[in-house]
Amino acid sequence: ASAFRRVMRPQGVAIAILNTGLWLERDGETISDIRISIGPSGPTPCRMLQTEEMMNGKDFSAELLEGAKAAILEEASFRTSKNRATKEYRQQMSGVLLEETFTTAWERALDD
């Protein structure tokens, strides 16, 4: 199952402040495979390979999700953009978007 979320400027500018795409396979309560991308988290959107590795094969728990949020902050290279958002805002929102996309994909995977 998959999910995608983004934060946009309210003025309707077509460029996202931050977005997260997530795909996962679920085996009961275990994350059997996961892919996470965040953009912009550097010059281009990129996969969070270390965060994926940390979550792969683990049983879902609130602690695992909190660990993944911390891992993204270590792995991603957020920066301030005068036209979009500050580095600090993007860091804060990365955890929110990860939790939203993960929860949506996790629930969708149960239905598959």
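Reply: Start with E75, which is buried but has no salt bridge; R47, the nearest side chain of opposite charge, is 8.4 Å away. Keep in mind that this is a predicted model.

Me: Why does E75 have no salt bridge?

Reply: A salt bridge needs a side-chain nitrogen of Lys or Arg within 4 Å of a carboxyl oxygen of Asp or Glu.

Me: What does the side chain of E75 reach instead, and at what distance?

Reply: The side chain of E75 reaches the backbone nitrogen of Q50 at 2.9 Å. A polar atom of that side chain also lies 2.7 Å from the backbone nitrogen of L49. The cut-off for a polar contact is 3.5 Å, and both distances are within it. E75 itself is found in helix α2, residues 62–75.

Me: Why is the pair of F60 and F102 called stacked?

Reply: The structure holds three aromatic pairs. In the pair of F60 and F102 the centres are 5.2 Å apart and the planes are at 25°. Ring centres must lie within 6.5 Å to pair, and planes under 30 degrees apart count as stacked, so this pair is stacked. F60 is in the loop between α1 and α2, while F102 is in helix α3, 42 residues apart.

Me: What makes the pair of F60 and W106 tilted?

Reply: The ring centres are 5.3 Å apart and the planes are at 40°. That angle falls between the limits of 30 and 60 degrees, so the pair is tilted. W106 is in helix α3, 46 residues from F60. At 7% relative accessibility, W106 is buried. Ring pairs link F60, F102 and W106 into a cluster.

Me: How do you know that the radius of gyration of the protein chain agrees with a compact globule?

Reply: A compact globule of 112 residues would have a radius of gyration near 13 Å, and the protein chain has 14 Å, so the two agree. The chain follows the pattern β-β-β-β-α-α-α along the sequence, and 41% of its residues count as buried.

Note on methods
Residues numbered from 1 in each chain as written. Predicted model: local features only at pLDDT ≥ 70, side-chain atom pairs only at ≥ 80, totals over all residues. Heavy atoms only, no water. Helix = DSSP H or I, 4+ residues; strand = E, 2+ residues; numbered from the N terminus. Buried < 20%, exposed > 50% of the residue type's maximum accessible area, 1.4 Å probe, protein only. Lys, Arg positive; Asp, Glu negative; His and termini not counted. Polar contact = N/O pair within 3.5 Å; in protein donor to acceptor, adjacent residues only side chain to side chain. Phe/Tyr/Trp six-rings, centres within 6.5 Å; stacked < 30°, edge-to-face > 60°. Rg over C-alpha atoms; globule rule 2.2 N^0.38 Å.
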